[in-house]
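I opened the notebook to keep track of what I looked up, one topic at a time.

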Amino acid sequence: MPAPDNKPIQPPLNAEELEVREEIVRYVEMLAGMIGVRHDSRPSSIEAAKAYIRREFESFGQAVTTELYPTPAGDAVNLIVEWPGSTKPQDIVLLGGHYDTVVSTPGADDNASAVAGLLSVCRQLAKSRFNRTIRFVAFANEEPMHFGTQTMGSHVHAEACRRRGDRIHAMVCLEMLGYFDTAPGSQRYPPELPGFLKPMLRPAGDFIAVISDMRAALPLRRFLRGFKSLARFPTIAAPVPGVQSLLWVSDHGPFWDRDYPAMIVTDTAWFRNGNYHQPSDTPDTLDFDRMARVVRGVAGGIAALAGRA
């Protein structure tokens with residue numbers, strides 16, 4: 001498909017955003033460029049992705065634990081980093097995104113962009129301390145044939161949380177963060193969206209969407225305050241009732257199913273990005289300037305949810 005029409009981002013990136021840009025380019029190029037398709041029909045690429053994500057987490061001084069579980073294609077692994085909170089350690093803020101792809105794509109936007117955001121936020125916040133526990137999870141098996149089944153990595157983790165009685169203060173799912181198009185008419189919307197959202201809609205794909213269920217209405221407001229404290233970037237954000245079948249479509253869905261407050265941060269996937277699940281979902285199609293600003297904002301949002309100690 002034609003390259004997106006992207007005007008230069010205004011104002012220019014600051015020093016922190018430039019640092020984020022440099023690292024997310026490196027992460028995406030490794031995952032979607034060097035490693036490529038990350039599907040369980042290609043075990044070597046899945047192993048390479050897991051090893052790379054683990055090394056990057058550990059490079060920030062973080063211990064990585066694994067959540068191993070069986071699937072028809074073999075064992076799958078969620079990779080987890082957790083920092084106990086200082087005053088409310090029982091309350092957990094979970095940031096997650098999946099590292100697999102469908103077999104037809106190297107998955108730069110879907111979902112190397114989200115893994116890049118996950119790693120960058122961990123690096124940005126690693127030297128701070130927070131009142132609530134923060135948990136980072138790189139999920140296995142979000143894509144078909146696992147999507148919506150018990151072998152989806154986020155299903156496994158959400159079920160384990162419920163079984164243990166984990167108190168999830170908020171789950172934030174990162175799903176496709178890097179594709180933007182400033183041309184009028186470049187953004188489409190599903191007809192099922194509630195009417196109250198229509199005044200917020202933008203004609204161009206130049207924004208990031210943050211959508212929660214009603215249980216997460218208060219965490220969503222806190223997340224947005226933190227996001228906007230670090231990032232000047234257009235957003236469409238709202239808690240949405242009654243359309244879970246439409247908006248369930250990523251790793252936040254299994255948390256909704258178990259009555260945990262959760263939200264998704266996304267560039268809206270196929271409603272904007274024609275490279276979705278295609279061989280053309282490559283690093284050169286992403287807008288790393290805008291993505292850097294979004295990732296910086298996510299760091300602010302997670303810090304606000306967790307509360308700096």
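Before anything else I noted how axes are drawn: they are lines fitted to C-alpha atoms, for helices over the stretch in contact, and angles run from 0 to 180 degrees between N-to-C directions. Helices (H or I, at least four residues) and strands (E, at least two) are DSSP runs, numbered from the N terminus. This is a predicted model, in which local features need pLDDT of at least 70 and side-chain atom pairs count only at pLDDT 80 or more, while totals for chains, interfaces and linings use all residues. Residues are numbered from 1 along each chain as its sequence is written, and side-chain values use heavy atoms, with hydrogens and water left out.

**Entry: α3 and α8**

I looked up helix α3 (residues 108-125) against α8, and found that their axes come within 9 Å and cross at roughly 55°. That makes α3 oblique to α8, given that angles under 35 degrees count as roughly parallel, over 145 as roughly antiparallel, 65 to 115 as roughly perpendicular and the rest as oblique. The crossing of α3 with α8 is right-handed; a crossing has that name if the near helix is turned clockwise from the far one by less than a right angle, and is left-handed if anticlockwise. Among the residues of α3 that meet α8 are Ser113, Ala116 and Gly117, where contact means heavy atoms within 4.5 Å.

**Entry: α1 and α8**

Next I turned to helix α1 (residues 15-35) and helix α8 (residues 288-306), whose axes come within 8 Å and cross at roughly 110°. That makes α1 roughly perpendicular to α8. This crossing of α1 and α8 is right-handed. On the α1 side the contact includes Glu16, Glu17 and Val20, and on the α8 side it includes Phe288, Asp289 and Met291. By class, the contact of α1 with α8 has 8 nonpolar, no polar and 6 charged residues; Ala, Val, Leu, Ile, Met, Phe, Trp, Tyr, Cys and Pro count as nonpolar, Asp, Glu, Lys and Arg as charged, and the others, Gly among them, as polar.

On a 1 Å grid over the protein atoms alone, a cavity is a set of points where a 1.4 Å probe fits but cannot get out, a pocket is an open set with protein on both sides within 12 Å along at least five of seven lines, and lining residues have an atom within 4 Å of a point. Grid points are joined across faces, edges and corners, and a volume is the space filled by probe spheres set on the points.

The largest pocket holds about 510 Å³ of space. Of its 29 lining residues, Leu247, Val249, Thr266, Thr268 and Phe271 are the closest to its centre. By class, this lining has 20 nonpolar, 4 polar and 5 charged residues.

The largest cavity has a volume of about 40 Å³, and its lining includes Arg38, Pro144 and Met145.

**Entry: backbone**

I reminded myself that most residues other than glycine have a negative phi, and most peptide bonds are trans. The bond joining proline 144 and methionine 145 is cis, with omega about 15°, and methionine 145 is in the loop between β4 (132-139) and α4 (153-164). The peptide bond from aspartate 110 to asparagine 111 is also cis, with omega near 20°, and asparagine 111 lies in helix α3. Histidine 277 has a positive phi of about 60°, and lies in the loop between β8 and α8.
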